[in-house]
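Keep the sequence and the 3D view open as you read.

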Amino acid sequence: MTNVDAEPAELVCRGGRRPAPDAVEVLEPRDVPLGGIRAMTVRRTLPLRQRSLIGAWCFADHYGPDRVARSGGMDVAPHPHTGLQTVSWLFEGEIEHRDSVGSHARVRPGELNLMTAGRGISHSEVSTPDTDVLHGVQLWVALPEPARALPPAFEHVVPETLADGDLRGRVFIGSWLGLTSPATVHSPLLGAELVLAPGAAVELPLDAGFEHGVLVDSGDVTVHGRPLGRAALAYLPPGTATVRLTAGAAAARVVVLGGEPLDEEIVMWWNFIGRSHDEVVEFRREWQEEIAAVAAGEPPATRFGRVMGYPGGPLPAPVMPATRLKPRPRPRG
Ligand code: MN
């Protein structure tokens with residue numbers, strides 16, 4: 001998905017404050033309306049002011065369940081990315097994906113679509129006509145040096161499932177609970193969906209070298225005894241050896257994100273990740289050049305290539321803020 005902010009801020013993201021192991025820091029979601037005629041709103045927990053990274057996870061939007069008849073569904077025209085991977089994970093509905101490396105794929109519940117932008121890619125996403133309800137998460141992974149210079153790629157992965165008593169799970173990135181995803185990542189990382197039966201209480205081992213986030217989709221969930229609302233994210237610092245989860249009277253679903261703290265400072269603006277303001281300015285300039293080439297009927301001219309088969313033109317980049325970004329003070333602890 002595209003970053004839907006009409007006036008996205010430029011952000012410097014780096015590893016944050018480290019609370020004591022076993023502490024739970026709750027990140028409350030921020031509503032971001034899609035705008036325009038569409039009523040769909042996403043709930044964002046990364047990046048937030050107080051925390052912008054969990055491992056290399058740098059963006060987390062939760063959306064739905066939204067009735068497409070009311071919200072208009074998803075129709076995102078071709079737009080660019082750099083320096084990141086997009087992780088599309090659905091609970092309900094179906095999305096048609098097209099990209100500039102020639103992929104044409106469906107995103108379906110329980111199946112991972114992983115797009116590696118590397119040095120540059122463009123793609124479109126449209127909910128399919130058969131979709132009544134859209135419900136899922138859109139996640140981004142920042143690519144470390146030197147992987148951010150890799151050529152773009154696309155993978156579709158159907159992860160194995162776990163069914164163990166009160167717990168069902170799918171590990172779509174990394175290895176956990178005896179499951180391993182074949183998805184290609186470039187830093188130590190975990191992404192998983194867990195479903196707890198009504199009344200379930202589980203304690204699961206974690207990689208203590210990772211920091212983790214538990215993002216609540218549905219149900220009355222507690223993490224280490226702390227109740228969490230829908231789309232809230234519980235942050236667990238490195239050194240945490242287990243996670244304790246409970247479900248209330250209904251079944252509960254969470255997405256668990258984890259990774260080794262990213263030891264790099266990244267600059268995020270709109271759909272680009274770079275290492276400096278000037279680099280992001282150059283990405284934007286190239287994308288606008290590609291749009292001009294489309295309008296002139298010329299062949300692909302830039303790192304972003306062309307999306308074929310989307311019925312419409314590419315999405316222009318917003319205007320960059322006039323002020324240069326100011327790095328945030330380095331958090332302590
Ligand atoms: Mn996108």
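R285 counts as partly exposed, with a relative accessibility of 43%. (Here, buried means under 20% relative accessible area, exposed means over 50%, and partly exposed is in between, using a 1.4 Å probe and protein chains only.) E282 is partly exposed too, at 30%. The side chains of these two, E282 and R285, meet in a salt bridge, with 2.9 Å from N to O. For that term, think of a side-chain nitrogen of Lys or Arg within 4 Å of a carboxyl oxygen of Asp or Glu.

Both E282 and R285 sit in helix α2 (residues 277–295), three residues apart, which is about one turn of the helix. Helices (H or I, at least four residues) and strands (E, at least two) are DSSP runs, numbered from the N terminus.

## Where the numbers come from

This is a predicted model, so local features need pLDDT of at least 70 and side-chain atom pairs count only at pLDDT 80 or more, while totals for chains, interfaces and linings use all residues. Residues are numbered from 1 along each chain as its sequence is written, and side-chain values use heavy atoms, with hydrogens and water left out.

How many salt bridges does a search of the whole structure find? It turns up 17. One of them joins R108 and E94, whose closest N and O atoms are 2.8 Å apart. This pair links distant parts of the chain, 14 residues apart: R108 is in the loop between β9 (104–107) and β10 (112–116), and E94 is in the loop between β7 (84–92) and β8 (95–99). Are the two partners buried or exposed? R108 is partly exposed at 35% relative accessibility, whereas E94 is buried, with a relative accessible area of 16%.

Now try E193 and R170, another salt bridge, with the closest N and O atoms 4.0 Å apart. Here, too, distant parts of the chain are linked: E193 belongs to strand β18 (residues 189–196) and R170 to strand β15 (residues 167–173), 23 residues apart. E193 is buried, at 6% relative accessibility, and R170 is partly exposed, with a relative accessible area of 28%.

## A network, and a cis bond

Salt bridges can also be found in a group: E145, R148, E264, R275 and E279 are linked in a network of them. You'll find P146 in the loop between β12 (133–142) and β13 (153–157).

There is also a cis peptide bond from L46 to P47, where omega is near -10°. P47 is found in the loop between β4 (41–46) and β5 (57–67).

## Positive phi angles

Why point these backbone spots out? Most residues other than glycine have a negative phi, and most peptide bonds are trans. L177 isn't a glycine, yet its phi is positive, about 55°. Look for L177 in the loop between β16 (175–176) and β17 (179–180), where L177 is partly exposed at 25% relative accessibility.

A231 is not a glycine either, and its phi is positive, near 70°. A231 lies in the loop between β22 (226–228) and β23 (233–236). Is A231 buried or exposed? It's buried, with a relative accessible area of 0%.
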